[in-house]
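The sequence and structure are shown first.

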Amino acid sequence: MLANEETVRPKLARFRPKLLDALQGYSKEKFLKDLMAGLTVGVVALSLCIGLGAASGVNPKHGLYAGIFGGFLVSALGGSRVQVGGPAGAFVGLLAVMSAKYGLPDLLLCTMMAGVILFVMGLLKMGVLIKFVPQPITVGFTCGIAVTLLTTQIQPFFGLHFPEGVKEPAEFLPKIIALAKVAGTVNWPTVALSLVSLVILWKWPVRLRAHVPGSIVVVALGTTLAAVAAAPWAPGWFAAHLGVDNVATIGSKFGEIPRGLPAFSLPRFDWRHLNDLVMPAFTIAVLCAIESLLSAVVSDGLIDDQHDSNQELMGQGVANCVAPLFGALPVTGVIARTATNIRNGAQTPLAGMIHAVFLLGVLLVAAPLARHIPLAALGAVLISVGWRMGEWGELRRLKKRPPGDVAVFLLTFALTVFLDLPIAVTVGMLLACFLFIKRVTETTQVQSMTGDARKDAHQPGHGAHEELHEKLPEGVIIYRVFGALLFGAADKLNMVLRRGIADTRVVIFHMTAVSVMDATALDRLENLHEKLARAGRHLILCGPHTQAYYMMAKAGFLDEVGEANVMPDLPSSVARAKTLLAASAPAKPAPAAPPKTPPTSAPPKPSAAPKPPAAPPPPAK
């Protein structure tokens, strides 16, 4: 038992970034491929980082900081060879609510808390546990996040204006109501720019996307148009005729993005809000883990590699702990940028680090130009991202899904949209767990067998026992369990306890087909053994193995039952039952001798038997 305990004792994961292995045998050819891939991904990420920062309700510079610091650390310390990290659309709804409710300092602190959670998850080798999140939950909150992201872009897409001093609500229903009230303030030049941007994004040739992404074309054209209209040398009729002067830009809403590196600073926060940040921090950590590990799995299939899920979580944990110290939003591995990295020939994590350095160069050189980026162009980019994020095909397949999975999907989707993501994930997981318990309970069966075929016909789950080819002795009953014996199925053991034991002298509990058991099932067995022992009856355990055996041995239950009553198979269990029946059977009394009567007189002695006559002599010849 000591050796077994040592083998099952959990060990901490080793911190070894994929970069260390990838750089072995690094060559000039690999560097050139990483360089081109990193620069291309940097161009793609530029508009997304700025747009996601603005959509999260904070200054767009914080999204750019996330791409620089978080993206660099995710690639340098992660467990994937080609993973690219940065801000993701999955966080927009949650971050918008948190920034509106608590402010940026608490949002940065929450990100750091999520980073600690991620690192601990990786250290404890919990990377493989992410696969246990049910598919209806991941699809449900992904579609919900997509709807939330789309609704955040309604205002910039249509150029709606709120009254002075009125802010756009972050929650879904209040947002829709507020937007409906100001629907009459539509800015048609903004709508025209948004529609043209969407058409370019959707119709941009596929052969050009790998080298010149449509998002960069849209942002570049919109920025050029706004910059020319704002230039002092531009004719006044140009802006007036096109209406560009009324189109909102990053500069008009957020001000100028400062050129240069942000200062290192610890986030200031309100201790009173610390308890309120725990649940959002767990949600951000779970989202980071799911998003990044799904991206890593996709990248493994594209490059025929194998990522280290635990190292990926630890690398993302460090990134989300350090990057907020420079004002960065949460970061994770993102599928779109990772796929772009792969398509452009990335060889090592150095490509993702080059992408972050490119963003840094833009910040140091061209940050003031970002003030001319139209919010309508960014809104079109994010609408395209949100539409592609949602797995809308799942809605058409709902009628083919089991009712329980449909309920989990719809509930997670609705809670994500109408309430918030932490509640959606929590309730969805609870409902999924209840459904899992119900399904496990339905698959667990208890069959009974006695020596009387007429009684067996009335027993629930009665079936044939192929191992037994003889009739059971009177007073012996077999209970055979199939499947997982967990707390959800433990009520099926209660039928054994409720059964009267007046005519039962030995119970054989056939456990060969029990795959796993828990403490509740063990408690039911202990109750059965105590009940039988008090009545002078016996319990035989037949064929316990693996997890169930070790659990009962560790709890001391096998010692209570007795080593002689733990049998490997059914025939030996029946033989043991016969031995117990014979030992407990009462001894049969000897037959009584007939009473002796004294004789009245001596019996006469028998006379000697007469001798037979001698044979006559033979006749003379």
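Is Asp-523 buried, partly exposed or exposed? Asp-523 is partly exposed, with a relative accessible area of 33%; buried means under 20%, exposed over 50% and partly exposed in between (1.4 Å probe, protein chains only).

## Basis of the model

This is a predicted model, in which local features need pLDDT of at least 70 and side-chain atom pairs count only at pLDDT 80 or more, while totals for chains, interfaces and linings use all residues. Residues are numbered from 1 along each chain as its sequence is written, and side-chain values use heavy atoms, without hydrogens and water.

## Salt bridges

The structure holds 3 salt bridges, each defined as a side-chain nitrogen of Lys or Arg within 4 Å of a carboxyl oxygen of Asp or Glu. Asp-523 pairs with Arg-524 at 3.5 Å, N to O, and Arg-524 is partly exposed at 23%.

Asp-21 bridges to Arg-16, with the closest N and O atoms 2.9 Å apart. Arg-81 and Asp-305 meet at 3.4 Å, N to O. Arg-81 lies in the loop between α4 (60–77) and β1 (85–86) and Asp-305 in the loop between α15 (274–303) and α16 (309–322), so this pair ties together parts 224 residues apart in sequence.

## Helix α19

Helix α19 covers residues 375–389; helices are DSSP runs (H or I, at least four residues), numbered from the N terminus. Of its 15 residues, 11 are buried, so α19 is largely enclosed by the rest of the structure. Among the buried residues are Leu-375, Val-381 and Gly-386.

Note on methods. Helix = DSSP H or I, 4+ residues; strand = E, 2+ residues; numbered from the N terminus. Expected span 1.5 Å × (residues − 1).
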